[in-house]
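Visitor: Hi! I have a model open here and would like to walk through a few spots with you. Shall we look at it together?

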Amino acid sequence: MDKKILLGGAAALIMAGSMVATPASANISLELSGEAKVTLGMSDSCGDAPATAATQATVTGEATLAALNTATGITFTSDSAASMAADTVTFTDYRCSPVTADNDNPVWGFGKEIGISASGTLANGLEVAFSDTLDLTDVDAEEGSFELELGGAFGTLVMGSVDSAVDSTSVGMPGELDHDLATDGAAGFGLSYSLPTMGALDVAISYFPNADDAGLDDSEYMDTFGIGAAFDAGMATVSFGFESASSNDASCAVSAAAIQGITTAAALITAVYGDSVCGDMDVMAIGAEMPVSDLTLSAGYSTIDSDSADRNTMSFGVETSVGDYTIGAGYAVQTLEHELGGNEDETTAVNFTAETALGDGVDLTFEFIQTDADLFSQAQGAGENSTYEAEIALVVGF
């Protein structure tokens with residue numbers, strides 16, 4: 001829907017601040033685009049009134065410190081052997097406002113961004129391109145964000161703040177629960193190489209030398225490789241990707257600790273059973289999209305295996321056009337498996353979207369999301385809690 005402003009040849013070079021003459025055959029062009037939006041949203045979290053407090057024994061499911069150590073294989077310590085039956089922790093209060101807070105609904109918001117891209121083909125046939133998107137609401141975060149691309153018969157090499165190969169080739173992945181399409185090692189300056197298309201098969205490889213961009217070998221993640229592929233089978237497009245990252249931080253997994261003095265159930269479960277995704281990581285993702293009559297069906301599955309908790313996400317979606325409107329719906333379920341104890345958190349989400357064009361470059365969108373979270377740490381408190389979000393957005397692009 002965006003209209004583009006195109007500046008060719010010399011004009012592009014002047015705006016880019018270049019002092020180097022470019023051969024006429026290079027045919028370099030500069031393209032500017034942008035977007036501004038105004039949003040009106042409402043949100044709230046709702047749950048039952050939680051228990052005021054519970055003992056560590058009740059929350060962990062282990063009556064004594066000795067029983068906890070036996071069940072986990074970890075030697076936890078406390079101020080006394082019987083402390084788990086006496087020490088108490090509190091729960092998160094998820095009750096709807098105004099019980100927990102007086103939410104200022106509806107809430108007005110805004111967004112604005114500028115996109116810059118330059119591309120052309122050199123006299124020797126080498127294709128070059130540069131692109132950057134500046135989020136004007138958070139300029140500092142965008143300072144290191146850019147892509148420089150070289151292409152030709154050999155494929156395409158992209159350098160800069162690139163997506164992982166898993167992410168760049170994935171199809172499907174609908175819903176409002178984020179799929180894991182990269183490890184924590186896929187950060188900082190990276191390289192992404194896409195092989196020439198082989199029939200209906202596209203393959204990409206990504207490499208991130210240092211996630212911290214520090215130039216030092218004490219970064220937590222270094223030399224992270226990933227591979228992804230997408231295959232257009234005619235009736236459907238499917239994708240598969242894998243990435244692995246090794247961590248230099250040996251403190252991720254659950255280890256012996258003193259559990260007296262912990263005041264919340266969430267902190268207790270983190271310390272005892274490990275519900276953080278961290279350390280060495282392996283990501284795998286499988287996705288699919290298929291048109292059926294006037295519908296587009298999509299599905300995705302991703303999993304991240306870490307030194308501590310593991311996370312699995314599965315989602316399904318459908319989209320269609322009705323007159324001037326594009327409408328869609330999605331469902332996703334995400335399971336976080338704790339490192340120890342066999343416990344897990346489960347989150348589900350359903351979403352509904354609708355979009356229409358009010359004119360050339362002007363879109364009106366609506367989205368509603370309902371999320372339900374069943375957290376093991378809150379099981380003895382109030383149990384499952386729900387969150388809803390609704391937003392109308394007016395988007396003007398150029």
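Visitor: Where is Cys252 found?
Guide: Cys252 is in the loop between strand 12 (237-245) and helix 5 (265-273). Keep in mind that this is a predicted model.

Visitor: Is Cys252 buried or exposed?
Guide: Buried, because its relative accessible area is 15%, and the cut-off for buried is under 20%.

Visitor: Which residues is Cys252 in contact with, leaving aside neighbours within four places in sequence?
Guide: Those are Cys278, Gly279, Asp307 and Ser308. As for Val277, which is 25 residues apart from Cys252 along the chain, the two C-alpha atoms are separated by 8.7 Å.

Visitor: New topic: where is Gln378 found?
Guide: In the loop between strand 18 (362-374) and strand 19 (385-397). Gln378 is buried, with a relative accessible area of 3%.

Visitor: What does the side chain of Gln378 make a polar contact with?
Guide: With the side chain of Ser377, at 3.3 Å. Setting aside the residues within four places in sequence, Gln378 also touches Phe91, Thr92, Tyr94, Ala266 and Gly383, going by contacts.

Visitor: Let's turn to helix 3. Which of its residues are buried?
Guide: In helix 3 (residues 65-72), the buried ones are Leu65, Leu68, Asn69 and Thr72. They sit on the same side of the helix, because they cover an arc of only 95° around the axis.

Visitor: Why would residues three or four places apart point the same way?
Guide: Because an α-helix has 3.6 residues a turn.

Visitor: And what covers the buried residues of helix 3?
Guide: The cover includes helix 2 (56-60) and helix 5. On the face turned away from the buried side, helix 3 carries the exposed residues Ala66 and Thr70.

Visitor: What about phi of Ser293?
Guide: Phi of Ser293 is near 55°, again a positive value in a residue other than glycine. Ser293 is in the loop between strand 13 (281-292) and strand 14 (295-306).

Visitor: Does Ser293 count as buried or exposed?
Guide: Exposed, because its relative accessibility is 73%, and the cut-off for exposed is over 50%.

Visitor: Great, thanks for the tour!

Definitions and conventions: Residues are numbered from 1 along each chain as its sequence is written. This is a predicted model: local features need pLDDT of at least 70, side-chain atom pairs count only at pLDDT 80 or more; totals for chains, interfaces and linings use all residues. Side-chain values use heavy atoms; hydrogens and water are left out. Helices (H or I, at least four residues) and strands (E, at least two) are DSSP runs, numbered from the N terminus. Buried means under 20% relative accessible area, exposed over 50%, partly exposed in between (1.4 Å probe, protein chains only). Contact means heavy atoms within 4.5 Å. A polar contact is a pair of N or O atoms within 3.5 Å; within protein, one must be able to donate a hydrogen and the other to accept it, and residues adjacent in sequence count only if both atoms are side-chain atoms. The arc is that of the directions from the helix axis to the C-beta atoms.
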